[in-house]
Structure formats: C-alpha cells, structure tokens
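Visitor: I would like to learn how to read charge pairs and domain contacts in a model. Where do we start?

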Amino acid sequence: MNNMTLFAAGSLRLAFTPLLAAFEQESGHQVEATFGPAGMLRERIERWERPQVFASANLEHPQRLVALDFAQAVQPFTRNRLCATVRNIPELTQPDLLTLLCDPQWRVGTSTPLADPSGDYAQQLFDHLERLLPGQGSALRSRAVALVGGPDSAPIPAGRLAAEYLIAESQADIFLGYASYAAALAACPQVKVRMLPAALDFKVTYGLCLLDEGCMVAEELVAFILGVRGQRILQRMGMLALD
C-alpha cells in the first residue's frame, strides 16, 4: 500500500471524509489528511512542509504556490457559497436577513480574513452590501468579529460545528460561513441556517494543486476528485458543481 499526504481546507472535512474513504477503498492507497484554514496551510507549505496535494477553499492560495514554483498548475474542483447561521429565536428567524445584517444589536461572527478564505468571502459580502446599501456594508465590516480560522483563534471542540458552537457559547448571534454545512447544522435545534438574499449571494471556487508531480498516488487522487464518483460525493455532501 502506498501512502500520501494531503493538506485540505477545513470546510472540506465533511465532504472529503467519505471521498477519501471511497478513494482508499477503490485504489488501495492510504491518504493522510490534514484539515485547517487554507491560508495557514499554505504558509506551512511555504515553510517547506510537503504534502503531495493541497486543496484550498479559494484559488488564490494554490495560485501563490504556483507563482513560487511549488506547483505547476491550479485545478478548480468544486464550488460553495456563504450562508448565515442564526440563533433559533423568532427575532432572528422571521425578519428578512438583509434587515438583520444591518441591525447593530446582533453580533456577527466570521472566520479570519487572509488566514481562512471564509473570512475573505465574508469581506466580499460586506462589499456587496456596501454597494447595495451605502454605509451599511462598512458598518457591518467594522462590527463583525473574526472568531475562528486564525492563528490565535480558540479551537472549536472536536465534534462541534463552528457556527453552532459559537452561537451556543454566546459569542455571536449570526455567523457567516459556508452553505455546505447546512445539512449538518439542520440537526442542531438551537440554530437555523438562512441563505443569503439574491443581492448578496455569490458562489466561490475551490482549487487544488499537485505538489509532487512524481507521486502517482497523488495523481490518482486528483483524478478521483475530478472524476464522476468524486464529484458526486462532493455534491452529496453539500458542495456545488463547477458549472
């Protein structure tokens, strides 16, 4: 049995767990996966840690590795979008979400920009809101708090989802995160997932790169992720097709 190592964005853990299990069963190879904020994983690679494959929640981090000659190309492989997870109380589940985001009484949490693409996408959401309602996007940006995904962030306990945990611990009333968690969060009665209004909604693209061109197992894994079975698993777990 040949082994390989994978660095992957934390938001891929739910989808990659069954995907990697299927790949290992089909190929007979074993994958050692490390999940975490993609920006922080990229920094580890730049400091000469060497997984064979890096799967990021954006295109920019693997593109930087290509620019530094750590990899030859970036391959988009799936998509996602943001959503808002709110405390399950009528004051946060009944009014329209745009109104809630503009209401300063509600504490809004995000992931950490630069370290975690989810935090960068939250900043893009604030830009969308600013164009839609001048002044509101900048106000939301100034009061939103980065609670996870950074080098100094408190860890989320094992088995807990960040949005659910942060709201349960009263660190936020609204958490802006990935919609791929919606099905898992539906099992948490204390929170409710709300999709963004069309004016604020956008899709985000995930990219991967091969860091060891001579590793046949890594090439097989990339092909599996991009292939029909891998794509079906990703979409079954809440990720979106590229088209």
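Guide: We start with a definition: a salt bridge is a side-chain nitrogen of Lys or Arg within 4 Å of a carboxyl oxygen of Asp or Glu. Keep in mind that this is a predicted model. In it, the side chains of Asp201 and Arg81 form a salt bridge, with 3.0 Å from N to O. This pair ties together distant parts of the chain: Asp201 sits in the loop between strand 8 (191-195) and strand 9 (203-210), Arg81 in strand 4 (residues 75-87), and they are 120 residues apart.

Visitor: How many salt bridges does the structure hold?

Guide: Side chains of opposite charge can pair when their charged atoms come close. Here the structure holds nine salt bridges. Another one joins Asp127 and Arg141, at 2.5 Å from N to O. It also links distant parts of the chain, with Asp127 in helix 6 (residues 117-132) and Arg141 in helix 7 (residues 136-143), 14 residues apart. Salt bridges with shared partners also connect Arg42, Glu46 and Arg64 into one network.

Visitor: Glu49 and Arg44 meet in a salt bridge too. What is the relative accessible area of Glu49, and what is that of Arg44?

Guide: The N to O distance in that salt bridge is 3.0 Å. Glu49 has a relative accessible area of 32%, and Arg44 has 27%. Buried means under 20% and exposed over 50%, so values in between count as partly exposed. Glu49 is therefore partly exposed, and Arg44 is partly exposed as well.

Visitor: Which residues form the aromatic cluster?

Guide: Phe16, Phe77, Tyr121, Tyr178 and Tyr206 make up one aromatic cluster. The count of aromatic pairs comes to six.

Visitor: Now the domains. How much area do domain 1 and domain 2 bury between them?

Guide: The size of an interface is often given as the accessible area lost when the parts come together. The domain assignment gives domain 1 (4-79 + 203-237) and domain 2 (81-195). Between them they bury about 1100 Å², 62% of it on carbon and sulfur atoms. Leu14, Met40 and Val204 supply 37% of the area that domain 1 buries against domain 2, more than any other three residues.

Visitor: How many salt bridges are counted between domain 1 and domain 2, and how many residue pairs are in polar contact across their interface?

Guide: The salt bridge count between the two domains is zero, while four residue pairs are in polar contact across the interface. On the side of domain 1 that touches domain 2, helix 2 (38-46) and strand 9 each supply at least two residues. Strand 9 gives the most to that side, with four residues.

How values were computed. Residues numbered from 1 in each chain as written. Predicted model: local features only at pLDDT ≥ 70, side-chain atom pairs only at ≥ 80, totals over all residues. Heavy atoms only, no water. Buried < 20%, exposed > 50% of the residue type's maximum accessible area, 1.4 Å probe, protein only. Phe/Tyr/Trp six-rings, centres within 6.5 Å; stacked < 30°, edge-to-face > 60°. Domains from an automatic or database assignment. Buried area = accessible area lost by both parts, 1.4 Å probe. Polar contact = N/O pair within 3.5 Å; in protein donor to acceptor, adjacent residues only side chain to side chain.
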